[in-house]
Amino acid sequence: MPVSALQGDNIVHKSERTPWYAGEPLLTILENLPSNENLSERAEDFHFPVQLVSRLDQDKADDFRGYQGRIEAGSVSVGDTIRIEPNGYTSTVSEIISPNGIVQKAVAGEQVTIRLADDIDISRGDTFVAQHSLITATKRLTATVCWFDQRALNPARKYLLKHTTQTVFAKVTAVDHVLDVKTLSNSAEADSLKLNDIGELQLSLQKPITATTYAQNLSTGSFILIDEATYHTVAAGMILATE
């Protein structure tokens with residue numbers, strides 16, 4: 001494929017300077033590559049970050065409360081007992097509403113509204129998991145991070161970490177090592193990341209998030225870091241381990 005990163009040829013749009021090239025631009029090809037992610041549809045792997053709490057309480061006779069979002073893994077059925085992280089409360093699924101109406105079961109990848117049998121204080125960023133799931137909320141992460149910003153990582157600063165539907169403050173507590181892309185060896189001497197650096201970091205979060213490793217699930221095992229002053233995305237990360 002003929003491309004020029006400097007001039008932008010065939011990156012986002014087809015270039016007029018290569019009329020002989022009949023293929024698609026690079027971004028289109030990348031966006032349409034098949035994913036090797038095999039989302040589990042087992043009930044025990046259920047993972048549902050709450051994106052929106054939908055309320056209709058003007059009429060006390062119809063106090064509707066539904067929790068909307070995308071099922072990132074597993075499946076859920078009416079009557080299932082689920083656990084809400086990070087508070088650890090449990091409840092029973094009383095109704096599942098899909099874009100096509102009420103259903104008895106929903107699986108990974110589907111956008112649904114879930115209603116519970118109990119009134120529990122739940123907000124955006126909370127996560128529903130299977131009752132006996134081993135996944136719990138955590139405030140410490142080990143992650144591989146690619147740095148995007150012109151300004152180097154400053155471990156003395158706080159950053160915003162966005163994970164699924166939740167955004168929390170995060171602080172880098174250690175730079176374990178930085179990858180040398182020329183030799184593919186790791187350097188343990190660096191204490192920061194510069195533009196385009198890839199390194200392994202330890203992060204401490206102000207509030208807990210319900211995360212998996214990237215190897216377990218691409219969506220629940222990834223995050224971005226945001227500069228709290230400029231709101232620029234400064235890095236993307238893949239979670240290696242949680243504590």
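**A close look at threonine 138**

Author: Happy to! In threonine 138, the side chain reaches the backbone oxygen of arginine 140, at 3.1 Å. Keep in mind as you look around that this is a predicted model. Threonine 138 belongs to strand β11, which covers residues 138-147.

Is threonine 138 buried or exposed? Threonine 138 counts as buried because its relative accessible area is 3%, under the 20% cut-off.

Now look at what surrounds this residue. Setting aside neighbours within four places in sequence, threonine 138 is in contact with Leu205, Lys207, Pro208, Ile209, Thr242 and Glu243.

You will find aspartate 80 in the loop that runs between β4 (75-77) and β5 (81-85). Aspartate 80 is partly exposed, and its relative accessible area is 24%. Its side chain also reaches a backbone atom: the nitrogen of serine 77, at 2.8 Å.

Which residues does aspartate 80 touch, once those up to four places away in sequence are not counted? They are Ser91, Thr92 and Val93. Take valine 93: it sits 13 residues from aspartate 80 in sequence, and their C-alpha atoms are 5.5 Å apart in space.

Finally, some context from a record. An unreviewed UniProt entry places "domain: Translation elongation factor EFTu-like" at residues 69-128. In the model, that span is 57% strand and 0% helix, and its end C-alpha atoms lie 10 Å apart.

Note on methods. Residues are numbered from 1 along each chain as its sequence is written. This is a predicted model: local features need pLDDT of at least 70, side-chain atom pairs count only at pLDDT 80 or more; totals for chains, interfaces and linings use all residues. Side-chain values use heavy atoms; hydrogens and water are left out. UniProt positions are given in the numbering used here, feature names are shortened, and annotations may be inferred rather than shown by experiment. Helices (H or I, at least four residues) and strands (E, at least two) are DSSP runs, numbered from the N terminus. Buried means under 20% relative accessible area, exposed over 50%, partly exposed in between (1.4 Å probe, protein chains only). Contact means heavy atoms within 4.5 Å. A polar contact is a pair of N or O atoms within 3.5 Å; within protein, one must be able to donate a hydrogen and the other to accept it, and residues adjacent in sequence count only if both atoms are side-chain atoms.
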